[in-house]
Amino acid sequence: MRNKRKFKDITILLSKYWNGLTSVQDEKKIKIFFRENNLDIPQQESEWFKLLSEYHPESIIVDLGDFETSEVKNKFKHINPIVFIKYAAVIVLVISIWFGYSYNKKRNEEKNVVVLRQKVETDLLFISQSLNDGMKNLESAQDGIFDNH
Amino acid sequence: MLFDKNNKLLKCQNKLYRFALSLTNDANDAKDILQETILKLLEKRNEWNRFDNFEAYAMRSVRNTYLNDRKKWGNARVIPIDVSLEFEEENEIEKKMNISDLRNDFNRIIAKLPEIQKQVLYLREIEEMEYKAISDVLSISETQVKVYIFRGRQFIKKQRYEK
């Protein structure tokens, strides 16, 4: 009775299978069924499912030998991102300091030129005023001499 | 470390090898393709997190490498199944003769199918992958995957069971 039920269930599943309507879970059930049961299923049909149920792909493993240690490691030396960031930060810092220093130097030079110019202008103004005063004194002295005569 | 225990690539390495083996039918060619693919994947390891299904992405890379190789070498590297049978039996990788025989039986049954249908059937029947994952690996739509599975099974049924 139990076998009959099993047979009926599997027949329905097989019909769905051949029409591409089974899920992965259904197909696993079919494989398990054929692995564990020897019911009266047509011989040819059971061959295919026995093949699938006995085919355990996990048993096929690959040994890449020294591929990992030699070729891969030489070709792809791992760069630690933290180390990379540290180096990048140092470079950015050095460039920033250099820019800051150059900018300040330039600014100070410009400032010095302005101060010197102002100083020269003040000095020239002072000389000009002194000359004017001298000229005035000279003229008044000349006027006094001519008046006495 | 590139090959630490949690490395995604290491986890699916055997699956990638099996897929390469199903494409080439030759253990040495499959190894070459796998190594080439690993190098390519490592070059793009910064992009790995972008992919929801890394395994499907890696398998697609295996297939692309295989197709590029085939384009490059023509049919020179494709060994007929009968020849590869003898070769496989001596191969150290497949120490268990049983799995080798089963693999060859499977290949023989689907031998007459078009290449894409073989790949779809392999991924579904052997690797037990969902339609979505298969469509990701082979860059085809899910509907196409369903159609290929249906046609493939119908072909097997007709060839083997309705003689």
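What share of the contacts in chain B with a separation of 6 or more comes from residues 24 or more positions apart? The figure is 60%; two residues are in contact if their C-beta atoms, placed from the backbone, lie within 7 Å. This is a predicted model: local features need pLDDT of at least 70, side-chain atom pairs count only at pLDDT 80 or more, and totals for chains, interfaces and linings use all residues. Residues are numbered from 1 along each chain as its sequence is written, while chains are lettered from A and ligands numbered from 1 in the order in which they are written.

**Chain B overall**

- Chain B has nine helices and zero strands. Helices (H or I, at least four residues) and strands (E, at least two) are DSSP runs, numbered from the N terminus.
- From the N terminus on, the order is α-α-α-α-α-α-α-α-α.
- Of the 163 residues in chain B, 33% are buried. Buried means that 20 or more other C-beta atoms lie within 10 Å of a residue's own; exposed means 12 or fewer, and partly exposed is in between, with C-beta atoms placed from the backbone.

**Helix H4**

- H4 of chain B covers residues 54–73, so its 20 residues should span 28 Å at 1.5 Å a residue. The expected span is 1.5 Å times one less than the number of residues. The end C-alpha atoms are 28 Å apart, which agrees.
- Its buried residues are B:Ala56, B:Ala58, B:Met59, B:Val62, B:Thr65 and B:Tyr66.
- Their cover includes H1 (8–11), H2 (13–24), H3 (27–43) and H8 (131–138) of chain B.

**H4 against H8**

- The axes of H4(B) and H8(B) come within 7 Å and cross at roughly 40°. That makes H4(B) oblique to H8(B). Angles under 35 degrees count as roughly parallel, over 145 as roughly antiparallel, 65 to 115 as roughly perpendicular and the rest as oblique.
- On the H4(B) side, B:Ala56, B:Met59, B:Arg60 and B:Arg63 take part; they meet B:Ala133, B:Asp136, B:Val137 and B:Leu138 in H8(B).
- The residues of this contact are five nonpolar, no polar and three charged. Ala, Val, Leu, Ile, Met, Phe, Trp, Tyr, Cys and Pro count as nonpolar, Asp, Glu, Lys and Arg as charged, and the others, Gly among them, as polar.

**Loops on either side of H8**

- B:Glu128 lies in the loop between H7 (115–126) and H8 of chain B. Its phi is near 55°, a positive value in a residue other than glycine. B:Glu128 is partly exposed, with 15 other C-beta atoms within 10 Å.
- B:Ser139 sits in the loop between H8 and H9 (142–161) of chain B. Phi of B:Ser139 is near 55°, again positive in a residue other than glycine. B:Ser139 is exposed, with 11 other C-beta atoms within 10 Å.

How values were computed
Axes are lines fitted to C-alpha atoms, for helices over the stretch in contact, and angles run from 0 to 180 degrees between N-to-C directions.
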